[in-house]
Every structure is written in structure tokens, then in C-alpha cells.
Amino acid sequence: MNTPAHRRSVITGIGVVAPNGTGAGAFWKQTQEGVSVLDLVSREGCENLPLKVAGEVRDFDPVAFIEERYLVQTDRFTHYAMAAADLALDDARLGRADYEDAPFKVGVVTAAGSGGGEFGQRELQRLWGQGSRFVGPYQSIAWFYAASTGQISIRGGFKGPCAVVASDEAGGLDALMHAARSIRGGTDAVVVGAAEAPLAPYSVVCQLGYDDLSLSDEPTRAYRPFTADACGFVPAEGGAMLVVEADTAARDRGARIRAELAGHAATFTGAARWEESRAGLARAIEGALREAGCAPEEIDVVFADALGVPSADRAEALAIADALGAHGRRVPVTAPKTGIGRAYCGAPVLDTSAAVLAMEHGLIPPTPNVFDVCHDLDVVTGRARAAELRTALVLSRGLMGSNSALVLRQPTDTSL
């Protein structure tokens, strides 16, 4: 019996705005080919700052996706989220006709790291340079980390449970499980994910306080986790939004089920205590496996957090071994984010999107710019690896100490 408390949560739509492409198709093409788009930072006002390399979203026109009345009251991070939400809804074929009679059955959940830094900086400069009469009325909401949830729900007419998850970079995975809990509570669908826009001068200066930020000026060497050359992570813009539905609701409307959110767990081990993250991440993996009813040897691929800090990489490699046992040394591990950068809360949702696409295509994408792995892991490098993928494990950690693990399972029947 599939009672509300036992409803399975499934992914029916994927929307991506990433440095390597807009739309799931463009994103996957570049990801499976291992293309790296990391480059020197070109955002206005950032040219002379110590951060030299990042993953920028360069070919994105917000006007093509978003009405003017929403553009003027939102920051770039919300533009990415709204566009990705539209793409996910289109992919899921979930339109207003499906919920106009039951708007309270659809909710929105996003995660955010810093909110609208570019919008906030612009308005504060006006306040300082011209006076309060020159500050726009939307300053009070556009910078706020909850802006994307609010604007997506208003624009889409979604009146179901809405939330914002603030749990570090790992919040991207935690948001997915928040959505799953809403579905167990009776919601039919949740538009869920995260997008970030951390490449404005104010935002970059704030990030310079992170000891783990890579300040390398060589795009091909700036982000190399699991190697002796690891020197930190490279930040990125963009993210992904997913449509997560109750399996019964998806089946009733004939939707294509792309993957199941099978299990999740999270822990907290403290800011920059990377040695301690070993135990916390291992515990999260074990909890996710337990919730999914999944044995360690059933994991077919791991999408790693891959921070690019030697102590953090070592802790992650050991956590995988602790949680998966001998299988942890054999299971393929990948980190496609090394080709686009680490988009904070958006990063694990992009990894989740890549994992779903990998299972669909039977192909493990490579880890760009990474060679000569110095940990006891089977990291996929160079080119994609063909494999039968039924179950994927996605990992994420935050700079403030959050650890999260998600188990995705390929559906046994997609012909609905």
C-alpha cells in the first residue's frame, strides 16, 4: 500500500543553467565529454581581485526566460533559478493545466549560500553615493537568500509548502530531501534545487575569507581534487532545479520518471575541520544507504564532493572506504564539477542532475583537469566510462561543516 507516509519521491524534470551550458542536453553533452570551461574571471569589478579563475555562465540571456517585471526586482542568482525552474517544468511536462485546480499540491524549495550580492552591492553603492531616494524598493527582497523560492512560487502560482534550506553547500542535497518529506506529507510535486551568482565584487571579497579558495591563475591547474597538486576549489555560477513528484501523482499524469530519491542523511562536523568530516560524511553515507535499503556493493558510481583541499580530499576518500568497505576502493568515483567550478549550493544539484543523466545514458562522466590521483579511489579521468548504472551516490560538504549524502536509484519502469 502506498499511503502518503510511504509515497516515493521521483525526479520527472531537470533544468540546468551552468557554465558549460543552459538546458540539460547542453549540460550533459559537455559533461560527458569532460570539457572544462574554467577561465579567468571577467565579471566587471572583479578583474583586479585575488580570485583569478572561476566558472562563469557566459551565454545566458535572462530576457529570453523571464518577464521584465520580474527581472527588475531580482538578482542574477534568482534569474538562474527561475530559468532553471522553467526548464525543469518543461522537461517534466508539468504545466498550469496540471495544477490550476489544486495549486496547494505544488511547492517550492531552494537552497542558497549568499543570496543576491550583485543587486545588493549596486543598491548600497547608490545609497552611499547618491542618497536613500536613489535606492530601489526591491533592495529589501532581491538580496535575500529566500528570493528564489518566493519568486518561483509567485510566478508559477505554486501555493504548496515552500521553504529555503540554509545548510551550507550541502543544502543543495538537503533541499531535495526537504522536498521528499513534503511529498510524504501529501504534496504532489515540488520544484526544488539551487542556483548561485557569487561573481560580483562584493561577493568575491567575502569569499576571499575562505582559506580553501583556489587563487591559482591557471585555469587547467586551479581545481584538481584528489591529486598532489590540489590547491583549493574554484567557485562557479549557476545551478539546477528539479521537479520532484510523488510517484503516484507522476504515474497518474503519465509523466516520465527519471530517477528515484531513494535515501538521504546529513551530519555536521564543524567549520574547516576536514579530518573530522571523515566520520561525519561516512555516517551520512551509511544513513542514506540505510534509508534507501541499499547495500554498499549496490552503489555503481559516486559523485564526489571533491573540495580540492588535501586534508578534505583525504577525509572524503577515507569516508567512502569507511562507509562502503572494500567496495569503496573499486566503485567508480567522478567529480565533473572540476570542469565548471563549485557553485556552492548549486553544485550538488548539478551533480544530482549529472548522476540522473549518467544512469540514463549508461556513462560515467570524467573528472576534467585531474590526473595522477593520489588517493585509493577509482577516479574516472580522461574520458567517460561506459557502465550499467542502477544506483548512484551523491556527496556534498559545506565549508561551515555540513555533510550530506543522497542515494539515487534508476526506476525499473519509465514507460508510464
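Student: At 72% relative accessibility, does Asp372 count as buried or exposed?
Tutor: The cut-offs decide here: buried means under 20% relative accessible area, exposed over 50%, and partly exposed in between (1.4 Å probe, protein chains only). Because Asp372 has 72% relative accessibility, the label is exposed.

Student: What average pLDDT does the protein have?
Tutor: We're looking at a predicted model, where local features need pLDDT of at least 70, side-chain atom pairs count only at 80 or more, and totals for chains, interfaces and linings use all residues. Residues are numbered from 1 along each chain as its sequence is written, and side-chain values use heavy atoms, without hydrogens or water. pLDDT is the predictor's confidence in each residue, from 0 to 100. Here 98% of the residues score at least 70, and the average is 96.

Student: Back to Asp372: what is its phi?
Tutor: Asp372 sits in the loop between β12 and β13, strands being DSSP runs of E with at least two residues and helices runs of H or I with at least four, numbered from the N terminus. Although Asp372 isn't a glycine, its phi is positive, at about 55 degrees.

Student: And Asn369, is that one buried or exposed?
Tutor: Asn369 lies in the loop between β12 (363-364) and β13 (378-379). Since its relative accessible area is 12%, Asn369 is buried.

Student: How many residues of β15 (residues 391-397) are buried?
Tutor: In a regular strand the side chains alternate between the two faces of the sheet. In β15, one side carries Thr391, Leu393, Leu395 and Arg397, the other Ala392, Val394 and Ser396, and both faces are covered. The buried count is seven of seven.

Student: Which residue of β16 stands opposite Arg397?
Tutor: Two strands pair if DSSP finds at least two bridges between them. On the parallel side, three bridges join β10 (residues 301-303) to β15, with Phe303 opposite Val394. On the antiparallel side, seven bridges join β15 to β16 (residues 402-409). There, Arg397 faces Asn403.

Student: Which residue in the hairpin of β15 and β16 takes a positive phi?
Tutor: The hairpin has four residues between its strands. The phi in question is near 115 degrees, and it belongs to Gly401.

Student: What relative accessible area does Tyr138 have?
Tutor: Tyr138 is in the loop between α5 (117-130) and α6 (139-142). Tyr138 is partly exposed because its relative accessible area is 31%.
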